[in-house]
Amino acid sequence: MNVDVAVVGGGMIGSAAARYLAMGGARVAIIGAPEPTKPHGPDQVYGSHYDQGRLARRLSKDALWVRMTTRSLDVYPRLEKAAGIPFYRAVGCLHVSGEAPDASRAVEMRDVAEKEAIPYRFYPAGDDGWREKAFGLNFPAACHVLYEPAPAGMINPRALVQAQLRVAEQHGATLLRETVIDVTENERGVTLATSQGTTLHAQRVLIAAGGFTNFHNLLPCPLPLTLKGETVILGEVTAETAAALADMPILTYQIDHPQLSGIYMTPPVLYPDGRFYVKMGCNFTGDIRPQTLAEVQQWFRRGGGEDPKPAMAQALQAILPDVAFISLDTRRCLICYTPGGAPIIDALRTRVFVAAGGNGSSAKCSDTLGRLAAGLMQGDPWPAAFDRERFRAC
Ligand SMILES: Cc1cc2nc3c(=O)[nH]c(=O)nc-3n(C[C@H](O)[C@H](O)[C@H](O)COP(=O)(O)OP(=O)(O)OC[C@H]3O[C@@H](n4cnc5c(N)ncnc54)[C@H](O)[C@@H]3O)c2cc1C
């Protein structure tokens, strides 16, 4: 097969980039591994979007992320319509700081909200007016709370990716559900080989392989990416509880805890097994940092390190004290960090481009990231709202 652009990785960023490239008139092929149904062979890759809920808040301490998310949220209603696939619930967000006197994060976020004109309501410690928006969520009285109204809300990441791919295909893109195991640049273009035996020629290639970007000979040189094993806990609730909590805001919570930090949580969501789960994730002192492909695959297959489940289960129950969870289960995922805290979107060679390093926050702004990558490949001017230097590979 011969195309103008090959996109390696049909995940959150790659699918968005493919849509923009196809809409721009390029002949696009997306070569994206399918979601595994069971762990198998040595070429196995995984995506960080195999889930039903991702937080989409505009507020952040870093104005770059605010802008990237705002631009994405503007696009999502049109994308839902064009694809005929709903993926967004605008339920608002509660940002809960650590216990006073450390209000620094809440105050920093309030400053950014002012500067970037994001609506918010601030409840200093002791003012529990936020409870009317909280559906029974509970925190120590000494916490400061910032409420961010809609359009903050929740993305279904699988459905968003499906929507991006569907519209890309409507514009002529081809989707190959295969795993790329080699990318070679030559004077005529780029040749890609897959583990299924397909060879594909393209004028240019975008590598958007998430946590697997440095593996499988995809890049001419490795990027400075750090991987972290991330565990989430799913608390199963009844359909009645799910209906009662359907409009509960998403949550970020700087919990004061010896083992846990940076909690994030969604309202109950329907999962493919037909059950409803509240999903909570966080950092854990025992989180592992796999480096090789084998270590990453081992993490997905068997886990590793200390078990965060007891601490996470306790924290979840303390946040939702009135909910009787039917079951509590954990799932493994992968976060891909960059040294500068912004995703890398850059040209590594004339024909080889990369968009990777979601820093655990790129579901919500994946549309913007894909659009920036597509624009870079098309030779569009880089938008002034986004500091170009922060996206450089080095
Ligand atoms: C537990 C968890 C919770 C998160 N919560 C949030 C949140 O609330 N809000 C938020 O904004 N972000 C969140 N994130 C981060 C967000 O999901 C990621 O930033 C985002 O998925 C990154 O997109 P990506 O396209 O870089 O990678 P991915 O979405 O992982 O996509 C990469 C794709 O490339 C494919 N691939 C890899 N290698 C190859 C290959 N060699 N050949 C073919 N295909 C390949 C993979 O199969 C995958 O489909 C969370 C992440 C995790 C793990």
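Two residues are in contact if their C-beta atoms, placed from the backbone, lie within 7 Å. The views below are of a predicted model.

**View 1. Helix α1 and the elements that cover it.** The buried residues of α1 are covered by elements that include the strands β1 (2–8), β2 (28–31), β12 (199–207) and β20 (352–356), together with the helices α4 (157–170) and α8 (366–378). Eleven of the twelve residues of α1 are buried, and the helix is mostly covered. The buried set is made up of Met-12, Ile-13, Gly-14, Ser-15, Ala-16, Ala-17, Ala-18, Arg-19, Tyr-20, Leu-21 and Ala-22. The end C-alpha atoms of α1 are 17 Å apart, which agrees with the 16 Å that twelve residues should span at 1.5 Å a residue. Just after α1, Gly-25 has a positive phi of about 105 degrees.

**View 2. The shell around the ligand.** There are 40 residues around the ligand, and those that come nearest are Gly-9, Gly-11, Gly-210, Cys-333 and Gly-358. Two or more residues of the shell are given by each of α1 (12–23), β3 (54–56), β13 (226–237) and β18 (328–337). Sorted by class, the shell holds 20 nonpolar, 17 polar and three charged residues. Domain 1 (2–51 + 157–224 + 340–391) and domain 2 (91–152 + 226–337) each supply at least three residues to the shell.

**View 3. The contact between domain 1 and domain 2.** The protein is divided into domain 1, with the segments 2–51, 157–224 and 340–391, and domain 2, with the segments 91–152 and 226–337. A distance of 29 Å separates the C-alpha centres of domain 1 and domain 2. Twelve residues from domain 1 and eleven residues from domain 2 take part in the contact. On the side of domain 1 that touches domain 2, four residues are nonpolar, eight are polar and none is charged.

**View 4. Helix α3 and its two faces.** Helix α3 runs through residues 104–115 and has twelve residues. From its first C-alpha to its last, α3 reaches 17 Å, close to the 16 Å expected at 1.5 Å a residue. Ala-106, Met-109 and Ala-113 are the buried residues of α3. Seen down the helix axis, these buried residues fall within an arc of 65 degrees, so they line one face of α3. The cover over the buried residues of α3 includes β5 (93–99) and β7 (143–148). The face turned away from the buried side carries Asp-111, Glu-114 and Lys-115, which are exposed. Just after α3 comes Ala-117, with a positive phi of about 55 degrees.

**View 5. Helix α6 and its packing against β13 and β18.** Helix α6 covers residues 293–302, and Val-296, Gln-297 and Trp-299 are buried in this helix. These three residues cover an arc of only 155 degrees around the axis, which puts them on the same side of α6. The buried residues of α6 pack against strands β13 and β18. Ala-294 and Arg-302 are exposed, on the face of α6 turned away from its buried side.

Key
Residues are numbered from 1 along each chain as its sequence is written. This is a predicted model: local features need pLDDT of at least 70, side-chain atom pairs count only at pLDDT 80 or more; totals for chains, interfaces and linings use all residues. A residue is near a molecule or strand if its C-beta atom, placed from the backbone, lies within 6 Å of it. Helices (H or I, at least four residues) and strands (E, at least two) are DSSP runs, numbered from the N terminus. Ala, Val, Leu, Ile, Met, Phe, Trp, Tyr, Cys and Pro count as nonpolar, Asp, Glu, Lys and Arg as charged, and the others, Gly among them, as polar. Domain bounds come from an automatic or database domain assignment. The expected span of a helix is 1.5 Å times one less than its number of residues. A residue is buried if 20 or more other C-beta atoms lie within 10 Å of its own, exposed if 12 or fewer, and partly exposed in between; C-beta atoms are placed from the backbone. The arc is that of the directions from the helix axis to the C-beta atoms.
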